[in-house]
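Reader: I should like to go through this model with you. Could you take me through it step by step?

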Amino acid sequence: MTISNDSRTRIKKVFEPIALGMGRLGLTPDGLTLIGFGITVVGAILLGAQQWLIGGLIVFIGGVFDMFDGTLARATGKVSPLGAFMDSVFDRWGEAIVYLGIVVGGARAGSDAVVILAAAALGAAFMVSYTRAKSEGLGFTAGTGMAAIGVMPREIRLVILSLGLVVTGITASLTALQIALGVIAIGATITVIQRILHVRSQAKSAATTTSTK
């Protein structure tokens with residue numbers, strides 16, 4: 001399962017009226033980035049307190065809220081390298097804090113499995129982001145092309161994790177969270193491999209093109 005760039009564009013169009021409404025209230029794209037990050041931090045604190053249901057819902061809201069900053073920037077012509085940098089940095093920061101909250105909550109619940117799987121999911125998730133950043137920094141898959149490569153981009157991870165947290169809160173069993181974290185760790189690892197192979201293919205094509213000139 002992947003999300004194409006066309007699908008991302010259509011999804012962002014749905015959020016555009018909401019983002020523009022926030023803009024009319026005086027909020028800026030960078031302001032929305034910080035608000036989304038703040039919401040995510042609140043969710044992570046709740047997860048550390050083992051409030052899985054409400055924490056999962058708030059983490060999901062924070063993740064969805066993050067779509068508004070870029071949408072508002074594009075809709076109002078305020079797209080900038082600094083804004084893109086801020087968005088990316090706070091996305092990663094928020095994701096790390098969420099997994100840290102899960103580790104704390106899992107440790108308090110006495111679940112070594114949750115702690116280990118959360119650490120594994122965090123590491124794999126960050127490798128997904130790193131492969132994109134590094135490949136684009138080296139000139140491969142310019143723009144948002146790399147975002148469509150792989151089975152476990154951030155949007156899919158957010159949905160799976162949120163579902164696992166909500167079900168855990170409803171059932172009072174950590175099984176759903178363990179499964180969600182395991183799926184994320186495996187899926188993100190597969191995504192990293194897919195992105196490595198994609199860049200490798202591009203490098204080979206570039207080398208072949210150069211040699212034939």
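This is a predicted model: local features need pLDDT of at least 70, side-chain atom pairs count only at pLDDT 80 or more; totals for chains, interfaces and linings use all residues.

Author: Just after helix 4, Gly110 adopts a positive phi of about 75°.

Reader: Which residues does helix 4 cover, and what should it span?

Author: Helix 4 comprises residues 81–108, which is 28 residues. At 1.5 Å a residue it should span 40 Å, and its end C-alpha atoms lie 41 Å apart, so the two values agree.

Reader: Which residues of helix 4 are buried?

Author: Several glycines are, including Gly83, Gly94, Gly101, Gly105 and Gly106. Asp91, Arg92 and Glu95 are also among the buried residues, as are Phe90, Val98, Tyr99 and Ile102.

Reader: At what angle do helix 4 and helix 5 pack?

Author: The angle between helix 4 and helix 5 (residues 112–137) is about 170°, and their axes are 8 Å apart. Because angles over 145 degrees count as roughly antiparallel, helix 4 is roughly antiparallel to helix 5.

Reader: Which residues meet there?

Author: From helix 4, they include Arg92, Glu95, Tyr99, Ile102 and Gly106; from helix 5, they include Val114, Leu122, Phe126 and Ser129. The residues of this contact divide into 12 nonpolar, two polar and two charged.

Reader: Turning to the whole chain, how many helices and strands are there?

Author: The protein chain has seven helices and zero strands.

Reader: And how much of the chain is buried?

Author: Of its 213 residues, 39% count as buried. The chain exposes about 10800 Å², of which carbon and sulfur atoms supply 70%.

How values were computed
Residues are numbered from 1 along each chain as its sequence is written. Side-chain values use heavy atoms; hydrogens and water are left out. Helices (H or I, at least four residues) and strands (E, at least two) are DSSP runs, numbered from the N terminus. Buried means under 20% relative accessible area, exposed over 50%, partly exposed in between (1.4 Å probe, protein chains only). Accessible areas come from the Shrake-Rupley method with a 1.4 Å probe; for residues, only the protein chains shown count as cover. The expected span of a helix is 1.5 Å times one less than its number of residues. Axes are lines fitted to C-alpha atoms, for helices over the stretch in contact, and angles run from 0 to 180 degrees between N-to-C directions. Angles under 35 degrees count as roughly parallel, over 145 as roughly antiparallel, 65 to 115 as roughly perpendicular and the rest as oblique. Contact means heavy atoms within 4.5 Å. Ala, Val, Leu, Ile, Met, Phe, Trp, Tyr, Cys and Pro count as nonpolar, Asp, Glu, Lys and Arg as charged, and the others, Gly among them, as polar.
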